[in-house]
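Thank you all for making time this morning. Please bring the sequence and the model up on your screens, and keep both in view while I talk.

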Amino acid sequence: ASDFCPSLPGLMCRCCSGATGTGCSADLLKSARKSAVMQKATGAPPVQTNFQWKLLRIAIGQSSLFLTTPEASCLAIACSHLSTFLEDVAAEGGFWNVCQLAHARFSPGLVWLHPIASLKDAARFAMLARSLRLGGGASFTDQSELRSLTKILQTEASYASRLGKVVDTFGKRFLFSWKFDLDRIADLLENRSLLEVVSDDVSFKCRYGISFALNLAVSKASFQSPELTFRFNAVRMIGECRSKIEIKACGSIVAPDPQRSIVKLNPVFGGTRLPESPTIIGDEYEDSGPPSDQRKISMEWLHFSRLMSMVRVHIAPVSLCVAPISLGVAANDI
């Protein structure tokens with residue numbers, strides 16, 4: 001048995017990989033269909049009426065919400081009605097296209113994206129995330145948000161290709177949401193305040209007990225300006241660190257506008273090493289990508305309490321980056 005769903009190679013299927021020991025759910029439908037054909041051939045009375053089959057098809061479509069995307073993909077192989085159903089809801093914006101709540105989820109151990117996207121879009125995102133060893137996780141509200149994150153990962157994949165597979169392992173990538181106070185964001189967007197709004201800290205835990213935190217600031221220049229500026233604040237070390245280390249963080253966010261535009265953030269440096277003797281510098285491969293533009297103009301900013309983001313972290317000495325780096329609880333509580 002393969003570790004991947006046979007219909008879409010980017011999606012891992014637990015039932016196909018033998019984790020359940022019962023075989024793929026698609027096999028059960030194929031068996032049921034074969035039984036119906038045999039009954040018809042032998043003249044046996046039909047087990048279910050057309051009305052019952054219609055109800056069954058509707059139930060299969062709705063019940064796919066309770067499956068992971070790889071499992072739903074496997075089931076769609078044997079059931080053309082389910083395949084059509086999933087593609088149709090994706091074309092219409094997903095199951096919950098009228099809500100602004102998070103209705104899809106991705107993490108290294110879970111792919112549940114078909115409620116808002118087609119199986120192909122879900123597979124594309126999952127394959128990129130896997131190739132980039134993307135850590136963290138996030139919940140998605142709509143299809144456009146997922147597509148913007150997919151474009152960000154495609155840019156990162158191009159960067160990794162230029163850098164080389166071995167050197168790229170020294171960088172760690174994370175997917176998470178910056179969390180903001182909704183009332184303060186409303187004051188900023190509705191011109192009641194010009195105070196910069198800062199997100200909750202996201203902490204990163206390295207080996208040897210070394211930890212640091214990042215946050216994101218959102219601001220506007222004047223009440224009349226339709227432009228928002230997004231930027232990293234300085235890297236903040238957590239606790240006492242006697243080692244000489246240097247940290248570089250860079251990444252992008254999905255802007256809170258109707259188009260879900262991508263905003264590339266300027267890198268930020270920090271750590272305990274003296275600024276006069278840096279070891280991490282901007283590389284030519286990074287510079288060859290799209291320029292950073294932390295400002296974005298929109299005449300219709302959407303109120304938000306979270307901003308989806310992909311952040312890449314580099315740490316010197318590299319022994320800290322070779323070992324796993326984990327996100328703090330706040331970042332994973334999405």
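This is a predicted model: local features need pLDDT of at least 70, side-chain atom pairs count only at pLDDT 80 or more; totals for chains, interfaces and linings use all residues.

Residues are numbered from 1 along each chain as its sequence is written, and side-chain values use heavy atoms, with hydrogens and water left out.

The protein has 11 helices and 16 strands, where helices (H or I, at least four residues) and strands (E, at least two) are DSSP runs numbered from the N terminus. Of its 334 residues, 46% are buried, and by buried I mean under 20% relative accessible area, with exposed being over 50% and partly exposed in between, using a 1.4 Å probe and protein chains only. If we take contacts between residues at least 6 apart in sequence, 71% of them join residues at least 24 apart, a contact being heavy atoms within 4.5 Å.

Let me turn to the sheet. Four strands form an open sheet in the order β6-β9-β10-β14, with antiparallel pairing, and its edge strands, each pairing on one side only, are β6 at 197–198 and β14 at 295–297. Two strands count as paired if DSSP finds at least two bridges between them, and β6 is joined to β9, residues 216–219, by 2 bridges, the two strands running antiparallel. Within that pairing, V197 stands opposite V218 in β9.

What packs against β6, β9 and β10? The buried residues of helix α8 do, with β10 covering 227–232. Helix α8 spans residues 182–189, and its buried residues are I185, A186, L188 and L189. They lie on the same side of α8, because they cover an arc of only 160° around the axis, the arc being that of the directions from the helix axis to the C-beta atoms. At the start of α8, a side-chain oxygen of D181 comes to within 3.0 Å of the backbone nitrogen of D183, and just after the helix, N191 takes a positive phi of about 60°.

Next, please find N215, which lies in the loop between β8 (211–214) and β9. Is N215 buried or exposed? N215 counts as buried, because its relative accessibility is 13%. Its side chain makes a polar contact of 2.9 Å with the side chain of D201 and another, of 2.8 Å, with the side chain of N233. A polar contact here is a pair of N or O atoms within 3.5 Å; within protein, one must be able to donate a hydrogen and the other to accept it, and residues adjacent in sequence count only if both atoms are side-chain atoms. Leaving aside residues up to four places away in sequence, N215 also touches others, including W178, V198 and F232.

That brings us to the aromatic rings. How many aromatic pairs does a search of the whole structure find? The search finds 9, where rings of Phe, Tyr and Trp (its six-membered ring) pair if their centres lie within 6.5 Å, and planes under 30 degrees apart count as stacked, over 60 as edge-to-face and the rest as tilted. The rings of F125 and F140 have centres 5.7 Å apart and planes at 85°, so this pair is edge-to-face. The pair links distant parts of the chain, 15 residues apart, with F125 in helix α5 (119–131) and F140 in strand β4 (138–140). F125 is buried, at a relative accessible area of 0%, and F140 is buried at 0% relative accessibility. F176 and W178 make another edge-to-face pair, with 4.9 Å centre to centre and 75° between the planes. Ring pairs also link F174, F176, W178, F204, F212 and F232 into a cluster.

Finally, the hairpin. Strand β7, residues 202–205, is joined to β8 by 4 bridges, and the two run antiparallel. There are 5 residues between these strands in the hairpin, where Y208 takes a positive phi near 65°. Strand β7 is also joined, by 2 bridges, to β16 at residues 326–327, again antiparallel. K205 stands opposite S211 in β8, and the bridge partner of K205 in β16 is S326.
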